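Take a look at the chain below.

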Amino acid sequence: MSVDFFWRRVPGRALDELSPKELGALVPHWFDAEFKRLHEAGMVMGVERNGYLMHFALTAGEAVPGCVAQLPVFGGEQRAEGKEDPEYGWLGTELWVLRPNDVRDASDFLNHVTVDDLIRGLDAALAREVESLGFSTPWSPGWAEELAVDLNELRSFFTAAAAAGDAMVKFESA
C-alpha cells in the first residue's frame with residue numbers, strides 16, 4: 001500500500017476564485033518539473049507512504065483535540081469536481097482545503113506536539129496499524145524515524161504558511 005500526500009500553500013483568495021480542478025493543478029507531484037523548485041521555496045510538501053500514519057499519530061490518544069488534530073492531514077473542506085463511474089469509480093479532482101485561520105489552528109496544534117514522544121508512545125499501535133493496512137514491510141525503528149522527520153517537516157511547513165497568512169490545498173495520490 002502506498003499513498004502519497006501533497007500539501008501546497010496558496011493565497012487565501014485562491015480558495016474562492018479557483019475550481020477544484022484549478023486548485024488541484026497547483027499541487028505538483030514528485031515528477032512534475034516544478035516540484036523541486038516549489039519544495040525548496042517552502043511552498044509545497046510531499047510525503048511517501050506516511051500520510052495515513054501521520055494522521056493516525058496526530059489523532060490517536062485522549063490528549064489530542066479531535067477536529068484540530070485532523071486538520072494537517074485529513075481535515076478541512078473537501079472540494080470535488082467530477083463524476084462517479086460505475087466501472088472506474090471516481091473520475092475527477094478531489095482535494096481538501098484549509099482557510100488561513102484553519103492553517104493557523106493546525107500550526108498552533110502541531111507546535112504543541114512533541115513528535116518523538118508521540119511516536120514512542122504509539123509505537124505498538126503504529127505497528128498494528130501498519131500491519132492492518134497491509135504494508136509490505138513491518139513497522140521498525142527506521143520507519144519511526146522517517147515518520148518523525150515527516151511530522152517535523154509538516155510542523156515547519158504549517159508554521160511558515162501560518163506566518164505568511166496562507167491557505168492550504170491538500171491532495172492524496174494512490
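An axis here is a line fitted to C-alpha atoms, for helices over the stretch in contact, and angles run from 0 to 180 degrees between N-to-C directions. Helices (H or I, at least four residues) and strands (E, at least two) are DSSP runs, numbered from the N terminus. The model is predicted: local features need pLDDT of at least 70, side-chain atom pairs count only at pLDDT 80 or more, and totals for chains, interfaces and linings use all residues. Residues are numbered from 1 along each chain as its sequence is written, and side-chain values use heavy atoms, with hydrogens and water left out.

Start with two helices. Two packed helices are described by the angle between their axes and the distance between the axes. Helix α6 spans residues 100–110, and helix α9 spans residues 141–164. They pack at about 140 degrees, with axes 8 Å apart. That makes α6 oblique to α9. The cut-offs are these: under 35 degrees is roughly parallel, over 145 roughly antiparallel, 65 to 115 roughly perpendicular, and the rest oblique.

Which residues meet? From α6 come V103, R104, A106, S107 and L110. From α9 come L154, R155, F158, T159, A161 and A162. By class, this contact of α6 with α9 has seven nonpolar, two polar and two charged residues. Ala, Val, Leu, Ile, Met, Phe, Trp, Tyr, Cys and Pro count as nonpolar, Asp, Glu, Lys and Arg as charged, and the others, Gly among them, as polar.

Now go inside. A nonpolar core is a set of buried Ala, Val, Leu, Ile, Met, Phe, Trp, Tyr and Cys residues joined through side-chain atoms within 4.5 Å. Buried means under 20% relative accessible area, exposed over 50%, partly exposed in between (1.4 Å probe, protein chains only). The largest nonpolar core has 40 residues. W7, I119, W139 and F158 have the most contacts inside it. Helix α9 gives this core its largest share, ten residues. Apart from it lies another core, of 13 residues, including F6 and V27.

What does W139 touch? Leaving aside neighbours within four places in sequence, W139 is in contact (heavy atoms within 4.5 Å) with L53, I119, D123, L126, A127, V130, A144 and L147.

Finish with two single residues. R49 lies in the loop between β2 and α4. Its phi is near 55 degrees, a positive value in a residue other than glycine. R49 is partly exposed, at 24% relative accessible area. P100 lies in helix α6. Not counting residues up to four places away in sequence, P100 touches G12, G165, D166 and A167.
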